[in-house]
Structure formats: structure tokens, C-alpha cells
Amino acid sequence: MPVEFDPGAFLSDFAEMSAFGATPAGGVHREAATAADGQAREWLRGWFDRHGLVTRVDEVGNMFGCAEFDPGAPYLLIGSHLDSQPTSGRFDGAYGVLAGAYAAAAVAATPPDQPRLNVAAVNWFNEEGSRFSPSLMGSAVYTGKRSAADVLDTAGLDGVTVREALSGIGFHGSDAAPAAGAFLEIHIEQGRTLIDGRYDIGVVTENWTAYKYSVTVLGEQAHTGATHMRYRHDALVGASRAVLAVRAVADEFGPATVLGSVGHLTVEPNSPVVVPSRVRLAADLRSHDADVLERAHRSLLDRWAAITEDREVVVRVDSAALRPAGGYHAAGIALAGEVADRLGLRWRTLPTMAGHDSVNLRDVVPTVMLFVPSVDGISHHEREYTTDEQMLAGVRMLTETARAAVGGALEAAGLS
């Protein structure tokens with residue numbers, strides 16, 4: 001019989017883990033490879049040790065807590081990420097890591113009669129992309145979408161590289177990552193669908209498509225008190241117009257059809273008495289409909305080009321990276337529904353609007369993505385919240401899905 005799940009132990013562990021990088025308002029500030037992230041990682045390594053999971057750390061800081069049944073078999077990986085946005089919520093990512101650790105340890109303790117996969121909990125490096133850009137770094141290297149060398153050489157705004165930051169916290173590893181045969185991730189929804197419909201579990205069917213932009217607005221440095229307005233080339237004024245263009249594109253396509261945001265600005269030289277010469281910004285557009293997103297993308301490029309044509313500044317699009325939409329595997333969706341029914345959980349299917357590490361893993365192995373509700377749909381905010389009961393239901397759901405997957409339930413899933 002499976003080992004009994006201890007809800008009190010999980011909630012106590014979650015509270016202890018949430019103390020690393022905790023903010024006074026109840027959230028966390030735990031960006032990738034900071035001291036707080038290092039503390040959370042050391043805590044997780046200790047948790048793995050106490051629960052019989054062998055820790056491996058690869059060269060880009062991905063952490064794996066492994067249990068092996070068959071030395072020749074690939075692994076079911078289960079997990080998410082410990083890093084957070086600045087002054088963010090304590091549930092995003094971290095809940096999925098701890099739930100994955102509990103599920104992996106439970107399956108390791110009482111595996112199915114004939115396990116077809118080994119099992120490992122995983123903490124992916126830099127899912128959020130706030131300190132180092134782009135996001136989803138660790139899982140992108142794992143799946144071969146990015147090279148480890150390029151990631152390690154990536155510098156944050158403070159000039160510190162990923163290599164230096166990981167070495168500084170002791171997590172620039174050298175272990176071989178376990179080969180995946182399947183992947184499970186559970187995450188807070190970061191939306192209102194489940195909470196408004198009073199569902200316990202969401203089973204993700206597909207992801208929204210997105211464009212991620214890096215843009216530089218070029219002007220000319222000048223004295224704010226001595227340069228007449230007609231002679232100014234103010235990069236911040238141009239950047240403000242570029243930001244409003246993103247909102248205008250979202251408005252152009254109607255409510256909930258296209259989402260558009262600018263979440264980061266760097267102003268140079270950033271002095272009170274100097275007209276800004278350069279502004280760097282990060283923008284994104286997202287839509288459920290790939291064709292609509294392409295039209296929105298073209299509209300945004302036209303709006304930015306029009307700012308340049310006015311001749312005060314130059315808006316230069318340095319990169320426009322497309323993250324395409326894609327579906328999760330039908331066999332995994334069906335398996336999750338069967339497990340939820342067996343556990344008496346109320347569930348539904350839904351897409352994910354946000355990106356997750358599962359979007360990378362889905363392209364190479366059968367993958368199941370699960371959601372638990374987010375109260376009021378709040379995320380990337382210190383008021384982010386999921387109830388104890390919702391978290392515990394998710395751990396039970398994840399554990400039973402993992403046990404079935406280790407027993408071979410996803411073998412026929414393929415990559416269709």
C-alpha cells in the first residue's frame with residue numbers, strides 16, 4: 001500500500017521553505033541565484049537527503065532529487081521552480097517544487113509493482129527570467145533549446161553572469177542530469193477560471209502563443225535646463241510612446257483577445273538633469289489565437305516604426321522571439337482526468353496563458369501540466385494565495401498521477 005501522506009508535514013515544510021527571501025507583506029523576493037535562492041536550494045537539498053532522494057545539480061543549476069528502480073530506465077521528472085519575481089508571491093513555482101518532492105518521495109517509498117520509469121523531483125533554474133533574461137532558462141538547456149555555454153555567459157543588469165551567480169551560491173554543478181521519460185508539473189493557476197468555477201484541479205490542454213520583445217529607444221543626451229524643447233531627442237518620451245503602442249495594440253483586438261505589457265525599463269543615464277539618451281524595454285504580446293497574434297505583432301511593429309518616422313528618436317527592435325502555442329499530450333490529459341475522478345476531485349481542462357517549464361519539456365517527452373486554484377486570480381504579487389486544502393488536494397493529485405506514470409500509464413502518449 002502507498003505510504004500515508006502527512007498533510008501537516010507538507011504545510012509545515014511549505015511554511016519553512018517560504019521563509020527564504022520572505023517579505024514583510026507575506027510574499028517572497030527570491031530571484032534566481034541570489035542569496036535567498038541559494039538558501040532555499042540548500043534547504044531543498046537537505047529535504048532530498050532526509051527523504052532518500054539523491055541530489056544531482058547540473059551545470060546550469062537545475063536540481064534533481066533522484067530515486068532509481070532500474071539503472072537503465074529514464075526518469076519521470078516532477079517539479080517546477082524555486083525562483084520568484086521581485087516582491088512576488090510565495091506559491092508561484094515553489095509550491096510545485098515541494099509538491100513534486102513529496103510525490104517523488106512517496107513513489108520512491110512505495111513504487112508500482114513493475115516500475116517502468118525511475119523518479120526524480122526537479123527544481124528548474126531561472127524560470128521567471130527577472131534577474132537573467134530570457135525566462136525558462138534551465139529547462140531550455142535541459143531540452144536542448146539553448147546551450148549551457150550561452151546561458152552561463154548571460155549577464156544580469158548588475159553585470160554578474162549566470163556562471164558567477166551560481167558559483168557564488170554553490171550551485172554551478174557538474175552532475176549529469178537524469179534522462180527524462182516523462183514530466184509532471186503542478187502550479188497555481190494564476191487566473192480565475194478554477195476559483196470562480198469552484199474546481200479543485202485544472203488539467204492544461206495547451207499554451208497561449210506569445211511574442212517577447214527586446215527594444216532599445218535611442219535619443220540624444222542633453223541638459224534638461226539648457227536645451228530648448230525643439231532641439232531635444234528624448235529617449236524616455238519615445239519609450240513612453242512605445243509602451244502606449246503596446247497597450248493600443250491590445251485594445252485594438254478587444255478584451256481578452258490579445259494581452260500586451262511592458263514590464264521592464266532601463267533609462268540611461270538616469271539623471272534628474274539629463275535628457276535620457278537610451279531606454280531599453282522588455283515587452284510581450286500574447287493570444288490564444290496564433291493568427292490573431294501575428295496580426296497584432298505586425299500592428300505593433302508598424303506603430304513602433306511610426307515613432308521612428310517622427311524623427312525625434314529611433315525605436316530599434318533588438319529581438320522578437322516567438323513562443324508558439326502547442327498542445328499537451330492527449331494520453332496525459334486523459335490520465336489526469338481519471339486520477340481526479342478516482343480521488344473525487346472536481347476538475348476541468350483549460351489552457352495556460354502564462355509560460356511554464358512544462359512548455360519546454362512537452363516538446364521532448366510526454367508531459368502533464370496541472371493547476372490548483374489561485375484565490376482571486378492574483379499572481380506575481382505578495383497577496384498571491386492558494387488555500388491549504390487546495391494545495392493538499394494538488395499534492396494528492398500529483399502523487400497518484402506520478403505513481404501511474406511510473407507504472408507506464410504514459411508510455412503510449414508519444415509526442416502527439
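Predicted model: local features only at pLDDT ≥ 70, side-chain atom pairs only at ≥ 80, totals over all residues.
In general, the strands of a sheet pair through backbone hydrogen bonds, in either a parallel or an antiparallel manner. Strand β9 and strand β11 (residues 278-287) run antiparallel and are joined by 10 bridges; within this pairing, leucine 259 has arginine 286 of β11 as its bridge partner.

Histidine 297 belongs to helix α9 and, since buried means under 20% relative accessible area, its value of 10% places histidine 297 among the buried residues. Apart from neighbours within four places in sequence, the residues in contact with histidine 297 are Tyr211, Tyr213, Leu285 and Ala320. With tyrosine 213 there is also a polar contact, made between the two side chains at 2.8 Å.

Another part of the model is organised around helix α2 (residues 35-50), which contains 16 residues and reaches 23 Å from its first C-alpha to its last, close to the 22 Å expected at 1.5 Å a residue. An α-helix has 3.6 residues a turn, so residues three or four places apart point the same way. The buried residues of α2 are Ala36, Asp37, Gly38, Ala40, Arg41, Trp43, Leu44, Gly46, Trp47 and Phe48, and they pack against α1 (7-18), β1 (54-57), β2 (63-67), α3 (94-109), β4 (118-123) and α6 (162-169). Following α2 there is glycine 52, with a positive phi near 75°. Trp47 also takes part in a cluster linked by ring pairs, in which the other members are Phe5, Phe10, Phe14, Phe91, Tyr95, Tyr102 and Tyr385. In the loop between α3 and β4 lies threonine 110, which is buried at a relative accessible area of 16% and whose side chain makes a polar contact of 3.1 Å with the side chain of arginine 403.

The aromatic pairs were then considered across the model. A pair of aromatic rings is described by the distance of the centres and the angle of the planes. The count comes to 15 aromatic pairs, among them the edge-to-face pair of tryptophan 124 and tyrosine 142, with 5.2 Å from centre to centre and 65° between the planes. Because tryptophan 124 lies in the loop between β4 and α4 (137-142) whereas tyrosine 142 lies in helix α4, this pair ties together parts that are 18 residues apart in sequence. Tryptophan 124 is buried, with a relative accessible area of 1%, and it forms a further edge-to-face pair with phenylalanine 183, at 6.0 Å centre to centre and 70° between the planes. Since phenylalanine 183 is in strand β5 (residues 180-188), the parts tied together by this pair are 59 residues apart in sequence; both tryptophan 124 and phenylalanine 183 are buried.

Several backbone features occur in loops. The peptide bond from serine 133 to proline 134 is cis, with omega near 10°, and proline 134 is located in the loop between β4 and α4. A cis peptide bond is also found from glutamate 268 to proline 269, where omega is near 0°, and proline 269 lies in the loop between β9 and β10 (274-275). Glutamine 190, a residue other than glycine, has a positive phi near 65°; this residue is placed in the loop between β5 and α7 (193-197), and counts as partly exposed at 21% relative accessibility. Arginine 198 likewise has a positive phi, of about 60°, although it is not a glycine. Arginine 198 lies in the loop between α7 and β6 (201-207) and is exposed, with a relative accessible area of 72%.

Methods: Residues numbered from 1 in each chain as written. Heavy atoms only, no water. Helix = DSSP H or I, 4+ residues; strand = E, 2+ residues; numbered from the N terminus. Expected span 1.5 Å × (residues − 1). Buried < 20%, exposed > 50% of the residue type's maximum accessible area, 1.4 Å probe, protein only. Contact = heavy atoms within 4.5 Å. Pairing = 2+ DSSP bridges. Polar contact = N/O pair within 3.5 Å; in protein donor to acceptor, adjacent residues only side chain to side chain. Phe/Tyr/Trp six-rings, centres within 6.5 Å; stacked < 30°, edge-to-face > 60°.
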